[in-house]
Amino acid sequence: MTTQNRTAPNRQNAPERPLTPKGRATRQRIVVAAAQLMYERGLTEATLEDVRAAAGVSGSQIYHYFADKQALLLAVIEFQTAAVLELQEPHFARLDTMAGLRGWRDSLVNYQRRLQCRGGCPIGTLGSEVAESNPEARLAVASGFLRWESAIREGLTAMHARGELDADPDDLALATLAALQGGLLLTQIQREVRPLEVALDATLDHIARVRTDAPAKP
């Protein structure tokens, strides 16, 4: 993101006060507008002036809720992480069965079809922009990916605990998330869902092969 000439007020020593409902709504509107602009234009092109105009707020309002552009970026990373995970939340509780895993896979593929394979992963897109230039933001993105990986791992850990999986659920969760991210990137670039389908199917087929003969939950 480019640097604005305006200097943000020094709020380092100001005590944090709870936001009113109106304040929370205004702050959320700013974050949503910033997230959309960063998603569409990238961090460099999405200026605070653009965010101000898109959110319909004043510059002083932006600085009231965010000390600087870095604080706004961190809020956007948290917003995008929560949005991505919330979208998949109905499936996370069912990732302890092959049927649940494949249902989750289908939902991801169908979602990309509805988007016409545009946009990629909001978290991954942010991560690629900040990884080499913004350590604090990189760690925030890494934390988001860890939350995603943890949601996948819970189901695999449950399968392992029931004696249905003869493999390390930590490694399988990481491999699944890595396949998902790689598939999303190629799907975005090639504008077709096949890379995502192949990447997830290969990973889920591997999970199916390392299942044991223990009675399995349907």
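Phe-145 and Trp-148 sit 3 residues apart in helix 7, so about one helical turn separates them. Keep in mind that this is a predicted model. Buried or exposed, these two residues? Phe-145 is buried, and Trp-148 is buried too.

Searching the whole structure turns up 1 aromatic pair. The ring centres of Phe-145 and Trp-148 are 6.3 Å apart and the ring planes meet at 10°, so this pair counts as stacked; the cut-off for that label is planes under 30 degrees apart.

## Helix 7 against helix 5

Trp-148 also turns up in a helix-helix contact: along with Ile-152, Leu-156 and Met-159 of helix 7, it meets Met-98, Leu-101 and Trp-104 of helix 5. Sorted by class, the residues of this contact come out as 7 nonpolar, with no polar and no charged ones.

As for geometry, helix 5 covers residues 98-114 and helix 7 covers residues 135-161. Their axes come within 11 Å and cross at roughly 155°. Angles over 145 degrees count as roughly antiparallel, and helix 5 and helix 7 are therefore roughly antiparallel to each other.

## Helix 1 across helix 4

On the helix 1 side, the contact involves Arg-27, Gln-28, Ile-30, Val-31, Val-32, Ala-34, Ala-35, Met-38 and Tyr-39. Helix 4 answers with Leu-72, Leu-73, Ala-75, Val-76, Phe-79 and Gln-80. The class tally for helix 1 with helix 4 is 12 nonpolar, 2 polar and 1 charged residues.

## The chain as a whole

Zooming out, the protein chain has 9 helices and 0 strands. Following the sequence, the pattern reads α-α-α-α-α-α-α-α-α.

How much of the chain is buried? Of its 218 residues, 41% count as buried. The protein chain exposes about 11900 Å², and carbon and sulfur atoms supply 52% of that area. Among contacts with a separation of 6 or more, 75% come from residues 24 or more positions apart.

Notes:
Residues numbered from 1 in each chain as written. Predicted model: local features only at pLDDT ≥ 70, side-chain atom pairs only at ≥ 80, totals over all residues. Heavy atoms only, no water. Contact = heavy atoms within 4.5 Å. Helix = DSSP H or I, 4+ residues; strand = E, 2+ residues; numbered from the N terminus. Nonpolar A, V, L, I, M, F, W, Y, C, P; charged D, E, K, R; others polar. Buried < 20%, exposed > 50% of the residue type's maximum accessible area, 1.4 Å probe, protein only. Areas by Shrake-Rupley, 256 points an atom, 1.4 Å probe, with all protein chains shown as cover. Axes fitted to C-alpha atoms, helices over the stretch in contact; angles between N-to-C directions. Parallel < 35°, antiparallel > 145°, perpendicular 65-115°, else oblique. Phe/Tyr/Trp six-rings, centres within 6.5 Å; stacked < 30°, edge-to-face > 60°.
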